[in-house]
Amino acid sequence: IGWAQKVPGIFDQQRGRVTADPLRPDRRTKLAPDIEHAVLMGYMPDPRTQRDKILDRARNYRPFDRSRMVKLAHRIAADDIHPDSKLTLEARQLFHEEESNMLGYKSRNIEHKDDPEKRRVVAWGMYQFTRIAFEEVGILGSNGEWNANNKYGVSSFDDFLANPLAQEQAMEDLMIHHDDQFGNKGTYEFAEKTIDVKIDGKIVSITVTQDGLLAASHIEGAGETNKIVRSLFDDEGVFIGGVLDISVRPDDRDAEKIYNVLKRLLDFQDVPIFREG
């Protein structure tokens with residue numbers, strides 16, 4: 001069935017995924033019998049509905065974002081490991097696309113790969129959890145010891161990589177924790193304000209959203225994201241940053257933090273993090 005994976009409008013029964021031709025988004029794709037039965041029985045949502053929802057939104061996207069969203073719509077898997085998650089499948093897929101590699105839940109970010117003495121893993125899993133993130137969700141202590149309560153059923157980094165559901169639950173708890181932090185810090189007062197940036201030679205106006213702030217917090221932390229966003233506005237809430245160029249990731253770490261936050265605000269400004277209700 002390998003050839004079918006490359007043909008628009010073909011359903012890959014091996015992987016349980018729906019694909020569609022971007023030029024014909026209204027095309028209804030046939031589901032594999034087992035998936036169709038699960039949908040009819042109410043065991044899982046129709047993956048075509050998720051795909052079509054994103055495609056509808058993609059039609060209104062800026063040109064440089066539209067192709068990415070269409071691509072994302074076609075990658076949504078039919079079998080959601082954590083269907084009861086408070087996080088939308090759309091957001092989780094986009095986090096995966098921007099953070100982890102093709103290994104998905106088994107991804108590791110290794111620094112200094114070519115230097116055996118400095119080589120170390122700094123992030124783990126589908127959502128690239130760092131040690132700080134592990135501490136925030138309460139499964140790793142500041143002393144480096146794993147939680148004795150065996151939260152999520154994991155007690156080591158290898159356990160975490162081997163447990164997709166644990167990763168989904170940890171990501172859900174992390175976003176809830178950051179949402180609470182932003183609420184306490186008053187960060188959401190900047191929601192709906194705009195920031196002008198330049199990307200690939202085009203000036204784009206980013207609307208700050210709660211979803212974008214949460215997405216940014218996963219890469220720079222809630223505290224740092226709050227600090228950076230506040231630094232871009234004066235006491236009256238007026239944007240003071242001029243036009244910031246985010247076409248290329250800067251080498252300077254301080255500038256990189258601003259880049260990361262703005263890029264996440266841009267990428268997630270129309271992507272809901274939490275499910276409705």
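**View 1. Helix α8 packs against helix α10 (residues 253–267) at an angle of about 145 degrees, with their axes 7 Å apart.** This is a predicted model, in which local features need pLDDT of at least 70, side-chain atom pairs count only at pLDDT 80 or more, and totals for chains, interfaces and linings use all residues. Residues are numbered from 1 along each chain as its sequence is written, and side-chain values use heavy atoms, with hydrogens and water left out. Helices (H or I, at least four residues) and strands (E, at least two) are DSSP runs, numbered from the N terminus. Axes are lines fitted to C-alpha atoms, for helices over the stretch in contact, and angles run from 0 to 180 degrees between N-to-C directions. The crossing of α8 and α10 is right-handed (the near helix is turned clockwise from the far one by less than a right angle). On the α8 side, look for Gly212, Leu213, Ala215, Ala216, His218, Ile219 and Glu220; their partners in α10 are Arg253, Glu256, Lys257, Asn260, Val261, Arg264 and Leu265. Contact here means heavy atoms within 4.5 Å.

**View 2. Helix α7 (residues 164–185) meets helix α8 (residues 210–220), with axes that come within 10 Å and cross at roughly 115 degrees.** The two helices α7 and α8 are therefore roughly perpendicular (65 to 115 degrees). Their crossing, too, is right-handed. From α7 come Met171, Leu174, Met175, His178, Asp179 and Phe182, which meet Leu213, Leu214, Ser217 and His218 of α8.

**View 3. Helix α8 is mostly covered, with eight of its eleven residues buried.** Buried means under 20% relative accessible area (1.4 Å probe, protein chains only). You will find Gly212, Leu213, Leu214, Ala215, Ala216, Ser217, His218 and Glu220 on the buried list. Their cover includes α4 (89–99), α7, α9 and α10.

**View 4. Phenylalanine 190 and phenylalanine 233 form a tilted aromatic pair, 5.3 Å centre to centre with 35 degrees between the planes.** Rings of Phe, Tyr and Trp (its six-membered ring) pair if their centres lie within 6.5 Å; planes under 30 degrees apart count as stacked, over 60 as edge-to-face and the rest as tilted. This pair joins distant parts of the chain, 43 residues apart: phenylalanine 190 lies in the loop between α7 and β3 (194–199), and phenylalanine 233 in the loop between α9 (222–231) and β5 (244–245). Both phenylalanine 190 and phenylalanine 233 are buried.

**View 5. Ring pairs link Trp124, Phe129, Phe134, Trp146, Phe157 and Phe160 into a cluster.** The structure holds twelve aromatic pairs.

Technical notes:
Angles under 35 degrees count as roughly parallel, over 145 as roughly antiparallel, 65 to 115 as roughly perpendicular and the rest as oblique. Buried means under 20% relative accessible area, exposed over 50%, partly exposed in between (1.4 Å probe, protein chains only).
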